[in-house]
Amino acid sequence: MKKTVKLIALLLAMLMLSGCNLIVTDVEMDNNQTAVQVGDQVITKGKLRDNTINQMMYMFNLYSQFGMADQYNPTSASVQQESLEGTRVGMVNDILAQKKGKEWALDTMSEEDTARLQEAADTEWGSYRDQIKTEYFADTTLEGDALNEALDAKLVELGYDKALFLEQQIKTEISDRVRKQAVADVTVTDEE
């Protein structure tokens with residue numbers, strides 16, 4: 001009996017002293033867990049986390065551009081919670097707008113719409129190119145197509161996908177159409 005107690009005590013001491021980490025988080029499994037489900041569409045924890053971080057980085061950069069970086073602290077628990085909630089609501093609203101757009105047949109783009117949206121996506125990509133040129137290629141001797149190829153490669157390396165710019169433009173167009181359709185019959189009087 002004493003041997004068993006000593007053995008158990010020894011095992012417990014070894015576990016405590018070794019800093020045993022019996023709880024291991026599988027990052028991939030954690031990222032794939034459902035955070036929000038809207039109908040048949042799922043927002044995973046990983047996607048929600050990534051979008052929240054992107055939103056906080058965007059806000060920090062925006063505040064920094066106006067010299068107000070000290071007024072936005074992305075490490076603050078309250079800022080993180082507000083960003084998480086805002087991102088979650090935005091993602092859910094986007095899914096709902098896309099579903100309603102499909103339901104109301106507002107998701108069909110004419111050739112003119114597609115050309116206009118492609119031009120907007122190209123313009124946005126160009127502005128990202130300009131930012132990358134300033135930040136990473138300020139002293140480059142590259143010009144023309146060679147410079148554009150290097151800028152595009154850097155954008156891809158940083159995680160940007162040119163096709164997603166057009167996809168986002170289309171989603172925004174559908175959301176705008178849904179909003180217009182939803183309020184088409186709404187009138188507000190001067191008294192209201």
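1. A word on terms before the numbers: a pocket here is an open set of grid points where a 1.4 Å probe fits, with protein on both sides within 12 Å along at least five of seven lines. Please keep in mind that this is a predicted model.

2. How much space lies in the largest pocket? The value comes to about 2100 Å³. Its lining counts 42 residues, and those closest to the centre are Asn51, Asn54, Tyr128, Tyr160 and Gln168. If you want to find the pocket on your screen, those five residues are a handy place to begin.

3. Strand E2 (41-44), helix H3 (45-65), helix H4 (77-103), helix H5 (111-136) and helix H7 (162-182) each give two or more residues to it. The most come from H3, which supplies 10 residues. Sorted by class, the lining of the largest pocket holds 18 polar, 15 nonpolar and nine charged residues.

4. The second largest pocket has a volume of about 160 Å³. Around it you will find Asp40, Gln41, Ile95, Gln98, Lys99, Lys102, Asp107 and Ile174. H4 is the main contributor here, giving four residues, the most of any element. Four of the lining residues of this second pocket are charged, while two are polar and two nonpolar.

5. Now to the packing of H4 against H7. Their axes lie 9 Å apart and meet at an angle of about 75 degrees. Angles from 65 to 115 degrees count as roughly perpendicular, so H4 is roughly perpendicular to H7. On the H4 side the contact uses Asp94, Ala97, Gln98, Lys100 and Gly101, and on the H7 side Lys171, Ile174, Ser175 and Val178.

6. Which way do strand E1 (residues 34-38) and E2 run relative to each other, parallel or antiparallel? They run antiparallel, joined by four bridges.

Terms used:
Residues numbered from 1 in each chain as written. Predicted model: local features only at pLDDT ≥ 70, side-chain atom pairs only at ≥ 80, totals over all residues. Heavy atoms only, no water. 1 Å grid on protein atoms, 1.4 Å probe; cavity = no way out; pocket = protein on both sides within 12 Å on 5 of 7 lines; lining within 4 Å. Points joined across faces, edges and corners; volume = space filled by probe spheres on them. Nonpolar A, V, L, I, M, F, W, Y, C, P; charged D, E, K, R; others polar. Axes fitted to C-alpha atoms, helices over the stretch in contact; angles between N-to-C directions. Parallel < 35°, antiparallel > 145°, perpendicular 65-115°, else oblique. Contact = heavy atoms within 4.5 Å. Pairing = 2+ DSSP bridges.
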